[in-house]
Amino acid sequence: MKELMVSICCITYNHEEYIAAALDSFLMQKTNFHFEILVHDDASTDKTEDIIKAYGEKYPHIIKPIYQ
């Protein structure tokens with residue numbers, strides 16, 4: 001496993017309309033080092049959690065969901 005160099009921390013609450021764009025923008029970054037994306041959903045009541053779960057399943061080696 002590559003050495004982890006950067007952790008991107010994203011905290012969200014009811015951002016169903018924006019969270020996919022945010023995660024896509026993190027994922028599209030060109031780097032020469034290993035990074036992870038920590039996404040903390042603070043008990044959203046919309047579909048934010050579902051979107052985060054889908055990204056976590058698609059990119060399990062990068063996106064690490066945290067649910068409140």
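Leu4 touches His34, Phe35 and Glu36 when residues up to four places away in sequence are not counted, a contact being defined by heavy atoms within 4.5 Å. This residue is found in strand β1, where helices (H or I, at least four residues) and strands (E, at least two) are taken as DSSP runs and numbered from the N terminus. Leu4 is partly exposed, with a relative accessible area of 38%; in this classification buried means under 20% relative accessible area, exposed over 50%, and partly exposed in between, with a 1.4 Å probe and protein chains only. The C-alpha atoms of Leu4 and Lys58, which lie 54 residues apart along the chain, are separated by 19 Å.

The model is a predicted one, in which local features need pLDDT of at least 70 and side-chain atom pairs count only at pLDDT 80 or more, whereas totals for chains, interfaces and linings use all residues. Residues are numbered from 1 along each chain as its sequence is written, and side-chain values use heavy atoms, with hydrogens and water left out.

An open sheet is formed by 3 strands in the order β1-β2-β3, with parallel pairing, two strands being regarded as paired if DSSP finds at least two bridges between them. Because β1 (4-12) and β3 (63-67) stand at the edges, each with a single partner strand, one side of each is left without a neighbour in the sheet. Neighbouring strands of this sheet are turned by 20 degrees against each other on average, direction ignored. Strand β1 is joined by 8 bridges to β2 (residues 34-41), the two running parallel; within this pairing Val6 stands opposite Phe35 and Ile11 stands opposite His40. Of the 8 residues of β2, 6 are buried, so this strand is largely enclosed by the rest of the structure.

From β1 the chain crosses through α1 to β2 in a right-handed β-α-β crossover, the term meaning that, with the strands pointing away from the viewer, the path from the first strand over the helix to the second runs clockwise.

Helix α1 (residues 19-27) lies across β1, β2 and β3 and runs at about 165 degrees to β2, where axes are lines fitted to C-alpha atoms, for helices over the stretch in contact, and angles run from 0 to 180 degrees between N-to-C directions. Helix α2 (residues 48-58) packs on the sheet, touching β1, β2 and β3, and its direction makes about 150 degrees with that of β3. In α1, Ile19, Leu23 and Leu27 are buried. These residues cover an arc of only 70 degrees around the axis, which puts them on the same side of α1, the arc being that of the directions from the helix axis to the C-beta atoms. The cover over the buried residues of α1 includes β1, β2, α2 and β3.

A search of the whole structure finds 1 salt bridge, defined as a side-chain nitrogen of Lys or Arg within 4 Å of a carboxyl oxygen of Asp or Glu. The salt bridge is formed by Glu49 with Lys53, whose closest N and O atoms are 3.1 Å apart. Being 4 residues apart in helix α2, Glu49 and Lys53 are separated by about one helical turn. Glu49 is partly exposed, with a relative accessible area of 27%, and Lys53 is partly exposed, with a value of 36%.
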